[in-house]
Amino acid sequence: MKQSINPARPSCLKVQILGISYARSGNFFHLYLEPTPWESRPGQFVMLRPQGWDNDPIWPRPFSICEKNDDSLRIFIQIVGRGTGLISRLQPGSTLHIWGPLGNGFQFSPDMPLLILAGGMGIAPFVGLCKSHPNPELIRFIFGHRMDIGCYPFAELPPASSRIHLQQTGQADIFDFQRLLRQEIEDCPAGSRILACGPTPFLKVVQEYARESVKDAWMSLENKMACGVGACLGCVTMTSSGDYVQTCSHGPVFRAEDVVFEE
Ligand SMILES: Cc1cc2nc3c(=O)[nH]c(=O)nc-3n(C[C@H](O)[C@H](O)[C@H](O)COP(=O)(O)OP(=O)(O)OC[C@H]3O[C@@H](n4cnc5c(N)ncnc54)[C@H](O)[C@@H]3O)c2cc1C
Ligand code: FES
């Protein structure tokens, strides 16, 4: 990759896959890409399109930046359809087009206590955040998941942070998880910030409890995206002002109280 770019601005690069490692279940994998010269924030994302894709699928696919360091840029992916299935079958040395870093990302200061709430693949944007945080003891991490915990990079979170995970295999577990979320949000001390990412039903619950106990909560939405840069209007979210905004360019991170989840 020999491209002169401004690291502060999004750019489109061609990068090679350095490695792919599969998690315990075959439906999850970690993609390690050549390092990119970007200055990115946790919660920002990339659009990926393997070089060999013709017209099916046409559009690139959005993924959170899971972790970024001098050696690689890592994406954690669950196979859910054609695009993710095709990406999972690529080999080291294959080339991808990657647009990024996109979106706004999470804002916080290093001395601020964080309550991180993640559901399923919502863990992805928080892995690098927690591992590179200068004060991991300020992080409380609550993770709800359906598949075996070994499928997710939960064990990588720094032991100095306090971490709880709860697997949901039935309705009773979902209620337990909701009770836990409500308690954690209520107990979250003044001056701390809640960061959340996960499926929409989970985010709705977080929004409701944060509103009840008037907490400073931010959430990353995972709307379907096509262009990723605000042009196609395919990813809009309604905000509390009544306006529709592009999730890719105005988000994906929003203040919880600003999001209107439509039925
Ligand atoms: C900002 C952002 C960050 C994301 N980060 C990650 C990540 O780190 N890791 C990861 O595995 N996935 C992530 N996703 C979701 C990922 O983009 C989709 O799973 C992927 O685009 C599906 O592509 P596909 O071609 O395999 O599935 P398709 O064949 O297009 O669809 C298969 C199924 O997946 C559902 N689906 C498609 N797009 C989404 C979506 N955005 N959210 C939820 N369900 C969807 C479809 O409704 C359908 O049921 C993120 C999405 C966004 C918007
Ligand atoms: S994905 Fe095109 S406007 Fe957001």
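Predicted model: local features only at pLDDT ≥ 70, side-chain atom pairs only at ≥ 80, totals over all residues.
Strand β13 (residues 236–239) pairs with β14 in the antiparallel sense, over three bridges.

**The three-stranded sheet**

- β13 and β14 belong to an open sheet of three strands, in the order β14-β13-β16, with antiparallel pairing.
- β14 (244–246) and β16 stand at the edges with a single partner strand each, so one side of each is left without a neighbour in the sheet.

**The seven-stranded sheet**

- Another open sheet is built from seven strands, running β4-β3-β7-β1-β2-β6-β5, and here too the pairing is antiparallel.
- At the edges you'll find β4 and β5 (67–68), each with a single partner strand, so one side of each has no neighbour in the sheet.
- At the β5 end, β5 and β6 pair in the antiparallel sense over two bridges.
- E67 stands opposite R74, which is in β6.
- As background, strands of a sheet pair through backbone hydrogen bonds, either parallel or antiparallel.

**Around ligand 1**

- Ligand 1 is surrounded by 21 residues, and the closest are S64, G81, G83, T84 and A124.
- Three elements each supply at least two residues of this shell: β4 (61–64), β6 (73–78) and α1 (82–88).
- β4 gives the largest share, with four residues.
- Sorted by class, the shell has 11 nonpolar residues, six polar ones and four charged ones.

**Helix α4**

- Helix α4 covers residues 200–212, which makes 13 residues.
- From its first C-alpha to its last, α4 reaches 18 Å, close to the 18 Å expected at 1.5 Å a residue.
- The buried residues of α4 are F202, L203, V205, V206, Q207, Y209 and A210.
- What covers those buried residues includes the strands β8 (114–119), β9 (139–145), β11 (193–197), β12 (217–220) and β16 (259–260), along with the helix α3 (171–187).
- Just after α4, V214 takes a positive phi of about 50°.

**A closer look at Q207**

- Q207 has its place in helix α4.
- Why does Q207 count as buried? It has 21 C-beta neighbours inside 10 Å, and 20 or more are enough for that label.
- Which residues is Q207 in contact with, leaving aside its neighbours within four places in sequence? They are M219, A256 and V259.
- H133 is 74 residues from Q207 along the chain, and the C-alpha atoms of the two are separated by 25 Å.

**The chain as a whole**

- Taken along the principal axes, the C-alpha atoms fill a box of roughly 50 × 40 × 35 Å.
- Out of the chain's 263 residues, 39% count as buried.
- Take the contacts between residues at least 6 apart in sequence: 63% of them join residues at least 24 apart.

Notes
Residues numbered from 1 in each chain as written. Chains lettered and ligands numbered in written order. Near = placed C-beta within 6 Å. Nonpolar A, V, L, I, M, F, W, Y, C, P; charged D, E, K, R; others polar. Expected span 1.5 Å × (residues − 1). Buried ≥ 20, exposed ≤ 12 C-beta atoms within 10 Å, placed from the backbone. Contact = placed C-beta atoms within 7 Å. Pairing = 2+ DSSP bridges.
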